[in-house]
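Q: Please take a close look at a single residue in this model and describe its setting. What surrounds this residue, and how does the account compare with other parts of the chain?

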Amino acid sequence: MYKEGRKAYIPTDSDLSTRPGKTYRTGMQYRTTLLAATLISCLAGLSAFRDARGAERLLEHYVVRQWTQDEGLPSDQIEDFEAGPDGFFWLASGRALYRFDGATSELLMQATEAGPPISAFIPLTEGSALVSLLTSVRQYQAGGAPADRRRLDSPLGANIDFVRAPNGVVWGVAQSGVIRYDDGPPRSFAAPEIQPHAPDSRFHGGCIDTVGRIWLVTQSRLLRFDPDAAVFEAVEAPDNPDLAIGGYERIFAGRDGRVWLYLHPCHLFVHEDASGWRRIETGYTAEQRLGIRTLLETGPDEVWFGTENALHRICKGVRAELTAADLGAPLYPSALVPSENGGLWVALRGAGLLHLRPRAVRMLRSPALSGRQPFYALSPLKNGAVRASVAGQGLFCGPVEQLAREEQTPLLQQTSVATILNEPDGVTWYATLGNYLIRQQGAFEEVVAIERAAPLPTWNVTALVRTRDGVLWAASPNGLFYVEDCKPPLLRVVTKERTDTLILDRSGTLYAACVNGLFRIAPGSQDVVRVAAPPRAHAIRVLAEDQDGSLWAGTTGGLFLCDRKGGRLTPAPGEWYQPERCIQQILFDHEGRLWLGTRTGILRLGATPNEGARLFDQTDGMETVECSGGFTPAGLACEDGRLLFPTLNGLACVDPQRLAHTAAPTVRPLLIDSPSVLPAGTRSVTFRFSALPVSEGLRARFSWQLDDEPWSAPSAARSAAFGRLTPGQHRLRVRALDREGGGAAPLVHLFLVRPLFWQSPLFRVTVLLLALGVSGALAAALTRRRAQLKLRRLARERALDLERARIARDLHDDIGAGLTRMAMLSAQGCYIPDMPQAANDLNARIFSAARETSRALNEIVWAANPDKDDTEQVAAYLVLYAENFLRDAGLRAKVLLAPDLPSIRLPPSIRHPLFRAVKEALANTAKHARATTVTLAIRCHENALIVEVADDGCGFSPETVHAGNGLAFMRKRLSEIGGACDLDTAPGRGTRLTFTLHLTRQAEPPLYA
């Protein structure tokens, strides 16, 4: 990419001297005058300008797209044009620099000082540039304040241009020397014998070649500056054949060290170190002033240059041009930039921006016709010629680039031929829409009738096939027919189902696509056999057989394959299916790759089903994207490999061999507005993005993903807005998709949303610590409170235990001793001889009452004594009581005491009811059981104290229990303390009473007030 070949034109005094009558001004007056002069020169000299050269039209080789202010440019007046370091285009318009991505323009920097517009600039970084305002040079920072602009003037006169050396150093070309711009102050190098104020001797052009030498030109001299040695040297210039009327005007750097020189008025030379200067034929004469203003060499045999009214290309000695008449607007190229797809970007003064894209599709028309040319059927002829049908115009034949009207009979003139069939014996069949089926051989012409009714006003024949048995078959919207060879020939109806197309495969089998499916007609037969049903109610538009014998069907809903053994139509695999497209034509290139003509363009399928398809449409050269359908042959593969697709406005010609060597660059996304840190409190943000390279990213679609959300649907929108953002790190992924759905890897952008002060981690940690502190303080206070309550309860219990112990001791010591003494005295009184027997009996009764009262008192003392509160003491007391009671009752006692009883406190409120229940059970056994042995078992099971009283007595029936026994009494006492009483008895097998007391419920005795 060479900057020198794209620079804007800067008028000098030599221009004024060689072109009298023109006055150059600055600002808006300058642009208005220039535009008027351009229009006048275009209109006045266009005819002679084109006739003298006889050049090709660039529109035949390139698709041209124009941008103006209405399509996103900041202005139609583009003074200078550069490919920026960010990959986008930088434009100089007026006194400002803009960045253009193919869709929108963005202001980069603005010259606020009064003065002339920007005449030249060169980017330094993505955010800075050197800008020439003709009389001064400034360094601008994108979006910077006035302090960011440095003035870099020099004593060498006005700055003409900027050039960049291969080592990256920027040089300025001034009127009397060169200036080096680097990190330090500018350094000036004045050329000898050059006067900046002398029109004939000052520089008015310069460039730097690929070796790093700076070439400078005056009207009559060429100088070369060596940056390493800082030396100017004279260069021998080519001879000036028009010395009296012209001089050296422009010099441009080319490729591989070549330098191009424009010599006024019409001469172009190229310099190579090995051979010196060589003249290039431009086709102009001295009277037709060429006026080259910008030049770009894009290959060893290809050079582009712009003049005051046209864009020219010389490729391998062949000249082509784009003029104002082709564009429909003034054409004054000011800068040229190569495109990544082999095309060219052109900046225009007064007409915006152009992009020339190499045509992938050439549109061919007959020179004999004007206006729209809808093509129908095609048929190959000898020597690569073609016979073609144009709607309403009859037949044309000849080379595909020069189709001429064919001499035909009146039946074939000014009509629409739907199908053409050439037979080896020289017979040609034609079918015209709504009129006739014609058999022609030489000058002989015969019309075919249907069931002896002719002509055929509505029976349109759209396909003709001759089978190997000599039968001619015809397809029509009104049915399927075959032609009976008689005089005159007749069309015999086989079926009245609508038939769209016919094909004869390699085996000689005829296939017909009808409205209700695909049918087969075996050789030598007129029997129609259904092969497959219509694919998902889609109509079959075209049938084609490939080199492997596979039968393909193009339908209104995609591409299908015919499974002849299975008897069905199946969708083509992978990306070959294309269900959203109506397929009108199917062609195969020399490599066997499928090409489809559709209603939305020409589709080249991938070499494999997994490879994406390539769509060709207006951007590739098609005038209209809809290909003609419903006629045969629909499309033609020429012998030279080119493919012809009839469309509604010309023949679309594709050369697959040429396209195989050109691959479009990969589209990659790029963020334009990409903040990395967003301020605190941000809830929504919008990101803008684009795609590179610009030439391929114009029609890119974008898809994006924020964090782990689903990918968005592909869209042409170039911005994405996100709301409800949370503080913290986020990830944005953007991918750009080309027309085939491919592209580079997604772009990943990380950005941070700063939290508000109450959302910051420090604030949250502080709040957490405070909450933990408060919670700890509350927990500590609660713990202390509970400990104090527990201590108080324990103190109350301790005091209560002490009081109980005192009461028990007092009862035992005082009342117990008194009852014992009373019993002893009563016992002595029972055996006094002199006492009456009644007194002795009374004393005996007093003794018994005192003894019973003493026992009851012992029970009360035992229940109240806190030293007897654990399970072991309770079990021991129950065993002792049972043994004593049963011995007195004359029963044998059997005690089973578990050795692993847990030591759990049982307060009096618990153990006293339990004891009373056990006592009642023993009493009932002694009274009613008539037993000999009573068993007392005490054990613990699953945190429960279990006491069993069992006897081997007579037992009883639980249903006959009367209210007088103590069973209800025992159950009530156990339920009051949270226990249970279970009875197991039956007549004749004894009785078992089980008392269950859950110890876990008694671990914490109730508080006492």
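A: The residue and its surroundings

Serine 132 counts as buried because its relative accessibility is 0% (buried means under 20% relative accessible area, exposed over 50%, partly exposed in between, with a 1.4 Å probe and protein chains only). The model is predicted, so local features need pLDDT of at least 70 and side-chain atom pairs count only at pLDDT 80 or more, while totals for chains, interfaces and linings use all residues. Residues are numbered from 1 along each chain as its sequence is written, and side-chain values use heavy atoms, with hydrogens and water left out.

Serine 132 belongs to strand β8, residues 128-132 (strands are DSSP runs of E, at least two residues, and helices runs of H or I, at least four, numbered from the N terminus). Beyond neighbours within four places in sequence, serine 132 is in contact with Pro117, Ile118, Ser119, Ala120, Asn159 and Phe162 (contact means heavy atoms within 4.5 Å). Of these, Ser119 lies 13 residues from serine 132 along the chain, with 5.8 Å between their C-alpha atoms. With asparagine 159, the serine 132 side chain makes a side-chain polar contact of 3.3 Å (a pair of N or O atoms within 3.5 Å; within protein, one must be able to donate a hydrogen and the other to accept it, and residues adjacent in sequence count only if both atoms are side-chain atoms).
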